[in-house]
Amino acid sequence: MTTPPRFDAPAHAPRRTFRLGDRLVAESEPPLVIPEIGINHEGSVAKALRMVDDAANAGAEIVKFQCHVIEDEMIPAAKDVVPANAEEGIWQIMERCALSEEETREVKAYVEDKGLMYLSTPFSRVAADRLEALGVDAYKIGSGECNNTPLIDHVASFGKPVILSTGMNDISTVAPSVEILERRGVDYALLHCTSMYPTPYDKVRLGGITELGDAFPNAVLGLSDHSLGNWTCFGAVPYGARILEKHFTSDKRWPGPDVPISIDPRELQELIVGSRAIFEALGGGKTILTEEQPTIDFAYACVVSTRDIQPGETLDDANVWVKRPGTGEIHAKDYPNVLGKTARTAIAKDTQLAWAQLG
């Protein structure tokens, strides 16, 4: 088996950082959780706005949609192509679910009025131009367009950050798109992804995040996850994922091809809180913290007398032992060094021993 070629990044220090609005996305920052509303609204603006509300109430900083202009995205032959997670052709799905330009503008304004960032995936050149005209701050490119270099170059020409999912691709096929993003000088993130709906846990392959980071040192790393629940997103954080994307719905009883793999508001809140907690727990070393001292004071054991001891008496396991609290001079670890010594003075029962008392 041949080793995929490594992308030769420009000779400057890896940045792995960029801004989405006021939000810094970086290795040093907590993960940005992106709830993808996508097309789960099934073409209903009312549903779309409900999901925006629910995402905001769950603590989201951002929501993502999809921008479909069908005639510029596909030809009528797509009517006969049925996605694995659907029962109708992709043309029919998008025909039903695509929001118009005016509806997109309405949704974007609502998102921003709620204090959230608006993100969308263009699936064609016209869709990208529509989003650019609306003044978006960044672009998300889906896995299906990961090797669509003409579209990526068009989007990158706007000079704004690009978040690129990499499902159905390997290092060698991601590299040309990264080269475009580097040449255009745009900040970017690469999201590891498996394009299976749902993705079995043994097909998630979190090691792909590490491979992307090794091959593309300028990329912010993340996971676009299609497995059930939040488990694999939690697991991605120690691998360096600082963007976590999950399909999102307000109600799992709603229809829609992506609803069965979506998380709901409760799960979204858990993902936001849990991924931040895991991030904060990373790093460090096996040292004793000064903040542990109050616990040390009661939890450690020290050498104490178990009965009254007379001057000159030899110390052994019949008259000394180790007990709490840990506020004495001689800790339990030094108990063997106490045995066989003699008492210089009288020692009352239940006294924490000190070295000056021993001869």
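User: What makes R253 count as exposed or buried?

Analyst: First, the ground rules. This is a predicted model: local features need pLDDT of at least 70, side-chain atom pairs count only at pLDDT 80 or more, and totals for chains, interfaces and linings use all residues. Residues are numbered from 1 along each chain as its sequence is written, and side-chain values use heavy atoms, with hydrogens and water left out. Now the label. Buried means under 20% relative accessible area, exposed over 50%, and partly exposed in between (1.4 Å probe, protein chains only). R253 has 74% relative accessibility, so R253 counts as exposed.

User: How do you know that R253 forms a salt bridge with D251?

Analyst: A salt bridge is a side-chain nitrogen of Lys or Arg within 4 Å of a carboxyl oxygen of Asp or Glu. For R253 and D251, the closest N and O atoms are 2.9 Å apart. That is within 4 Å, so the pair qualifies. D251 stands at 15% relative accessibility, so D251 counts as buried.

User: How many salt bridges are found in the whole structure?

Analyst: A search of the whole structure finds 19. One of them joins E245 and K140, whose closest N and O atoms are 2.8 Å apart. E245 lies in strand 10 (residues 243–247) and K140 in strand 6 (residues 139–141), so this pair ties together parts that are 105 residues apart in sequence. Both E245 and K140 are buried. Helices (H or I, at least four residues) and strands (E, at least two) are DSSP runs, numbered from the N terminus.

User: Where do E102 and R105 lie?

Analyst: Both are in helix 4 (residues 101–113), three residues apart, about one turn of the helix. E101, E102 and R105 are linked in a network of salt bridges. R105 has a relative accessible area of 36%, so R105 is partly exposed.

User: Why is T104 called buried?

Analyst: The relative accessible area of T104 is 5%, so T104 is buried. T104 also lies in helix 4. Contact means heavy atoms within 4.5 Å. Leaving aside neighbours within four places in sequence, T104 is in contact with L99, Y118, L131 and L134.

User: What makes L228 partly exposed?

Analyst: Its relative accessible area is 42%, so L228 is partly exposed. L228 sits in the loop between strand 9 (220–225) and helix 9 (231–236).

User: What makes the phi of E42 worth a remark?

Analyst: Phi of E42 is near 55 degrees, a positive value in a residue other than glycine. Most residues other than glycine have a negative phi. E42 lies in the loop between strand 3 (32–38) and helix 1 (45–57). E42 has a relative accessible area of 18%, so E42 is buried.

User: Where is R205, and is R205 buried or partly exposed?

Analyst: R205 is in the loop between strand 8 and helix 8. Its relative accessible area is 48%, so R205 is partly exposed. Phi of R205 is near 55 degrees, again a positive value in a residue other than glycine.
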